[in-house]
Protein chains: 2
Amino acid sequence: MRIVCLAGGVGGAKLAEGLQQQLEPGELTVIVNTGDDLELHSLLICPDLDTVLYTLAGIANPAQGWGVDDESWRVMDQLALLGEDTWFRLGDRDIATHLFRTERIRRGERLTDISLAIAAALGVPSNVLPMADEPVRTRVRTDGGWLDFQDYFVRLRQLPEVREVRYEGADKSTVTEEVRGALNDADAIMLAPSNPIVSIGPILAVPGLVAEVAAARARGVAVLALSGIVGGKALRGPADRMMSSLGHEPSALGVARRYAALGLIDKFVLDTQDAALEGAISALGIGTVVTNTVMADSSSRANVAMRMLAAALEVRTAAGPGQDG
Amino acid sequence: MRIVCLAGGVGGAKLAEGLQQQLEPGELTVIVNTGDDLELHSLLICPDLDTVLYTLAGIANPAQGWGVDDESWRVMDQLALLGEDTWFRLGDRDIATHLFRTERIRRGERLTDISLAIAAALGVPSNVLPMADEPVRTRVRTDGGWLDFQDYFVRLRQLPEVREVRYEGADKSTVTEEVRGALNDADAIMLAPSNPIVSIGPILAVPGLVAEVAAARARGVAVLALSGIVGGKALRGPADRMMSSLGHEPSALGVARRYAALGLIDKFVLDTQDAALEGAISALGIGTVVTNTVMADSSSRANVAMRMLAAALEVRTAAGPGQDG
């Protein structure tokens with residue numbers, strides 16, 4: 001069963017890891033947000049790609065939700081001594097990834113090939129693809145003006161209200177052959193419980209990508225989304241406040257509305273805590289699955305993934321066997 | 001007393017450190033070879049500049065002769081795991097220097113300003129200047145063809161015979177205002193016991209630099225050189241073999257001849273082991289100082305520096321007080 005997962009950082013990585021547990025090697029492709037990439041200390045840093053790669057490699061830092069386990073901070077300490085800003089923490093092992101990637105970008109290699117090379121070197125059994133090879137940079141407008149995403153997210157700890165979001169460069173980005181191929185071959189497509197605006201949003205902003213998902217759906221491929229907002233609160237990060245300040249309801253219903261408005265999904269998976277929203281979500285014309293969606297550990301990730309795979313299968317069965325080609 | 005020292009890596013750093021011990025803060029300016037700089041893992045690495053900076057900051061690794069003390073290798077180990085070549089060893093603290101520098105080069109800053117900033121951050125009381133801001137790359141021709149310098153020096157451990165040496169880019173490099181200013185203000189100029197071909201050679205290849213030294217000499221400024229070849233053997237590195245394979249005598253006399261041919265020096269400092277060469281060196285029309293030149297520890301560095309400062313003073317005294325302006 002070939003599954004494509006659209007993912008941001010931590011939430012996306014958790015679902016991807018659950019799916020990877022359930023699937024055979026090579027069956028999972030994760031298309032990852034690169035809108036929060038940044039250049040710092042001459043390094044190209046791709047936080048979401050790395051979180052997904054490290055998580056699927058089994059070397060993610062379980063406590064901090066980003067970076068590598070068994071990490072040290074020798075480079076960063078010395079950079080601080082040299083007077084550099086170190087608000088964006090980079091561990092030593094993590095820096096090796098950035099050096100590897102930056103050198104290859106400098107040589108003209110594609111981010112896609114570089115990500116596949118890192119995945120191979122780390123022994124990741126899934127395909128981890130950037131949403132595009134061209135640079136896309138998410139920027140947010142706050143009352144203090146436009147900010148680079150990580151400036152808002154890490155340096156200012158998501159404190160300012162977000163008034164507007166832009167995916168700079170998205171209009172010039174293109175769906176890669178690898179992303180197109182994965183979507184073409186997919187048996188199901190899953191939107192991870194990442195921030196719908198700044199994690200899934202940039203992916204959907206790559207011209208042609210929504211059309212590819214829609215085409216897959218038209219062929220009978222199940223498209224599911226999992227809410228990252230549970231009980232009106234983002235499981236992690238500022239998604240709830242951001243939804244609110246941008247005029248969306250900060251709830252699973254708000255997330256479902258957003259994806260339904262794009263005609264993107266067949267089914268929406270929401271937490272048992274949000275069971276009361278099921279009716280309103282069904283009224284959007286999409287199916288619902290109510291389950292425990294909080295992925296605190298490895299086995300809960302596998303459970304959520306299993307529920308989503310089962311739900312995908314139901315969609316396909318409902319669509320009829322003829323759709324299978 | 002304002003002293004300018006022309007230096008390569010380890011030998012240059014030792015003399016510079018001895019001089020720094022003898023001088024007031026700010027009195028020493030070290031003009032450092034950048035011909036052995038390299039780009040690796042997307043980093044601009046300046047081995048000689050760093051060796052001088054670390055040595056003058058008191059943080060050099062005493063055992064290996066390059067890099068920082070209290071060093072770790074976390075980034076390098078992870079780069080190896082990612083399949084990268086790691087023949088050029090970069091410690092974690094050292095990498096911070098390269099990130100700091102590379103980022104500033106990327107922003108368009110001059111290598112001179114960057115080096116001064118690193119020196120300031122590390123508390124170096126001397127001025128450490130690259131020989132030029134433009135990239136110069138020393139390449140060596142071996143029987144296997146032309147090699148980048150570090151490819152020959154580190155990867156191939158200086159095993160191949162060197163048939164020819166080029167300082168690529170030197171013709172387009174220029175004497176910086178800082179280098180010119182230091183040479184203009186110098187009371188004495190000292191050529192460190194670094195490899196005359198691949199350490200001092202690139203510095204002298206910067207167009208106009210030899211003329212600046214000659215102009216200083218014409219004003220009565222003492223110019224001294226210290227032999228890095230003692231008893232026919234290079235104290236470190238392949239200088240003896242390189243002199244030989246390029247048709248020069250692999251001895252202190254060979255080194256003296258080279259500098260004398262450029263009309264560059266007043267006095268040549270040679271080791272007591274080479275006392276027998278004193279006559280032949282005097283015959284080149286330059287003065288000699290015979291002393292113990294091996295700088296094994298901090299106090300021997302100070303002693304050599306003191307001897308050289310005394311010898312410089314003698315040259316000035318001989319030139320007459322009128323030269324002082």
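## A helix of chain A and its cover

In this predicted model, the buried residues of helix α5(A) are covered by elements that include α2 (47-57), α4 and β5 (127-130) of chain A. Helices (H or I, at least four residues) and strands (E, at least two) are DSSP runs, numbered from the N terminus, and a residue is called buried if 20 or more other C-beta atoms lie within 10 Å of its own, exposed if 12 or fewer, and partly exposed in between, with C-beta atoms placed from the backbone. The buried residues in α5(A) are A:Leu111, A:Ile114, A:Ser115, A:Ile118 and A:Ala119. Seen down the helix axis, these buried residues of α5(A) fall within an arc of 135°, so they line one face of the helix; the arc is that of the directions from the helix axis to the C-beta atoms. After α5(A) comes A:Gly123, whose phi is positive, near 75°.

Residues are numbered from 1 along each chain as its sequence is written, while chains are lettered from A and ligands numbered from 1 in the order in which they are written. Because the model is predicted, local features need pLDDT of at least 70 and side-chain atom pairs count only at pLDDT 80 or more, whereas totals for chains, interfaces and linings use all residues.

## How the two chains meet

Contact here means that the C-beta atoms of two residues, placed from the backbone, lie within 7 Å, and by this rule 22 residues of chain A are in contact with 22 residues of chain B. On the side of chain A that touches chain B, the elements that give two or more residues are α3 (74-81), α4 (92-106) and α5 (111-121) of chain A, and α4(A) gives the most, with 9 residues. The residues of this side divide into 10 nonpolar, 6 polar and 6 charged, where Ala, Val, Leu, Ile, Met, Phe, Trp, Tyr, Cys and Pro count as nonpolar, Asp, Glu, Lys and Arg as charged, and the others, Gly among them, as polar.

Chain A is superposed on chain B by a rotation of 180° with 0.0 Å of shift along its axis (RMSD 0.0 Å), and the two copies are thus related as by a two-fold rotation axis. In chain A, the C-alpha of A:Asp92 is the one nearest this axis, 3.6 Å from it. The superposition is by least squares on the C-alpha atoms of residues with pLDDT of at least 70 in both copies. Of the interface residues of chain A, 100% are also interface residues in chain B, so the copies meet through the same surface.

## The parallel sheet of chain B

In chain B, 7 strands form an open sheet in the order β5-β2-β1-β9-β10-β13-β14, with parallel pairing; two strands pair if DSSP finds at least two bridges between them. The edge strands are β5 (127-130) and β14 (287-291) of chain B, each of which pairs on one side only, and the twist averages 20° from one strand to the next. Strand β2 (residues 28-32) of chain B runs parallel to β5(B) and is joined to it by 4 bridges, with B:Pro130 in β5(B) as the bridge partner of B:Val32.

Strand β9(B) pairs in the parallel sense with β1(B) over 4 bridges, and B:Val4 stands opposite B:Ile189 of β9(B). Strand β9(B) also pairs in the parallel sense with β10(B) over 4 bridges, where B:Ala188 stands opposite B:Ala222. In a regular strand the side chains alternate between the two faces of the sheet. From β9(B), B:Ala188 and B:Met190 point one way and B:Ile189 and B:Leu191 the other way, and all are buried.

## A helix beside the sheet strands

The buried residues of helix α7 (residues 177-185) of chain B are B:Val179, B:Ala182 and B:Leu183. Seen down the axis of α7(B), they fall within an arc of 95°, so they line one face of the helix, whereas B:Glu177 and B:Asp185, on the other side of α7(B), are exposed. Among the elements that cover the buried residues of α7(B) are β1, β2, β5, β9 and α9 (209-218) of chain B.

## A hairpin and a buried loop residue

Strands β6 (residues 137-142) and β7 (residues 145-148) of chain B run antiparallel and are joined by 4 bridges, with B:Arg141 opposite B:Trp146 in β7(B). A hairpin joins β6(B) to β7(B) through 2 residues.

B:Leu277 lies in the loop between β13 (267-271) and α12 (278-282) of chain B, and B:Leu277 is buried, with 22 other C-beta atoms within 10 Å. Not counting residues up to four places away in sequence, B:Leu277 touches B:Ser251, B:Ala252, B:Leu253 and B:Leu270.

Methods
Axes fitted to C-alpha atoms, helices over the stretch in contact; angles between N-to-C directions.
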